[in-house]
Amino acid sequence: MRTSPSIAPHGSEQDTYLVLDDFGGRLGCSWCETAADSADRETVIRDMVDGQYNYPVRIVVFNTAEGWSRDVTLDIADELRRRYVEFGEVPESILEFMEANRR
């Protein structure tokens, strides 16, 4: 029996971040495909700033080895606001994401 490879990396030291992106219209929202070695926090933030997501809606982090998951949407929005000056120009969708996700 063939099995699909896991999206979860090996080792409990690795947290995996996934982004729910809104593609609009009939396409709706979908969890974006992410390579296991680039599903870390810093890569997700860099990809957001680089315009890799249309309209991010939610971000979750999980660690299957440790058995936990949580919504980090507000945490990521806070970090984007804190680091905004180092990014220079960011896509309008990320500005909207930061505005929509305030504490």
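Predicted model: local features only at pLDDT ≥ 70, side-chain atom pairs only at ≥ 80, totals over all residues.

User: Where is leucine 95 found, and which residues does leucine 95 touch, not counting residues up to four places away in sequence?

Analyst: Leucine 95 is found in helix α4, and, once residues up to four places away in sequence are set aside, leucine 95 touches Tyr84 and Val90. Tyrosine 84 and leucine 95 are eleven residues apart in sequence, and their C-alpha atoms are 9.7 Å apart in space.

User: What is the overall pattern of helices and strands along the sequence?

Analyst: The protein has four helices and four strands, which follow one another along the sequence as β-β-α-β-β-α-α-α. Of its 103 residues, 36% are buried, and the protein exposes about 6700 Å², of which carbon and sulfur atoms supply 48%. Taking the contacts between residues at least 6 apart in sequence, 59% join residues at least 24 apart.

User: How should I describe two packed helices, and at what angle do α2 and α4 cross?

Analyst: In general, two packed helices are described by the angle between their axes together with the distance between those axes. Here the axes of α2 and α4 come within 9 Å and cross at roughly 120 degrees, and the two helices are therefore oblique to each other. Their crossing is left-handed.

User: Which residues meet where α2 and α4 are in contact?

Analyst: From α2, the residues Thr73, Ile76, Ala77, Leu80 and Arg81 meet Ile94, Phe97, Met98 and Glu99 of α4. Sorted by class, this contact of α2 with α4 holds six nonpolar residues, one polar residue and two charged residues.

User: How would the description read for α1 and α2, and is their crossing left-handed or right-handed?

Analyst: The axes of helix α1 (residues 41-49) and helix α2 (residues 73-82) come within 11 Å and cross at roughly 65 degrees, and the crossing of α1 and α2 is right-handed. On the α1 side the contact is made by Arg41, Glu42, Ile45, Met48 and Val49, and on the α2 side by Asp75, Ile76, Glu79 and Leu80. By class, the contact of α1 with α2 has five nonpolar and four charged residues, with no polar residues.

User: Which residues of α2 are buried, and what covers them?

Analyst: The buried residues of α2 are Thr73, Ile76, Ala77, Asp78, Glu79 and Leu80. Their cover includes the strands β1 (16-22), β3 (56-63) and β4 (68-71), as well as the helices α1, α3 (84-87) and α4 (92-100).

User: How should I read residues that lie in loops, such as glycine 51 and serine 38?

Analyst: Glycine 51 lies in the loop between α1 and β3 and is partly exposed, with a relative accessible area of 39%. Although glycine 51 and isoleucine 94 are 43 residues apart in sequence, they are 8.1 Å apart in space, C-alpha to C-alpha. Serine 38, in turn, has its place in the loop between β2 (29-31) and α1, and with a relative accessible area of 25% serine 38 is partly exposed. Serine 38 and threonine 16 are 22 residues apart in sequence and 8.7 Å apart in space, C-alpha to C-alpha.

Methods
Residues numbered from 1 in each chain as written. Heavy atoms only, no water. Axes fitted to C-alpha atoms, helices over the stretch in contact; angles between N-to-C directions. Left-handed = near helix turned anticlockwise from the far one by under 90°. Contact = heavy atoms within 4.5 Å. Nonpolar A, V, L, I, M, F, W, Y, C, P; charged D, E, K, R; others polar. Buried < 20%, exposed > 50% of the residue type's maximum accessible area, 1.4 Å probe, protein only. Areas by Shrake-Rupley, 256 points an atom, 1.4 Å probe, with all protein chains shown as cover. Parallel < 35°, antiparallel > 145°, perpendicular 65-115°, else oblique.
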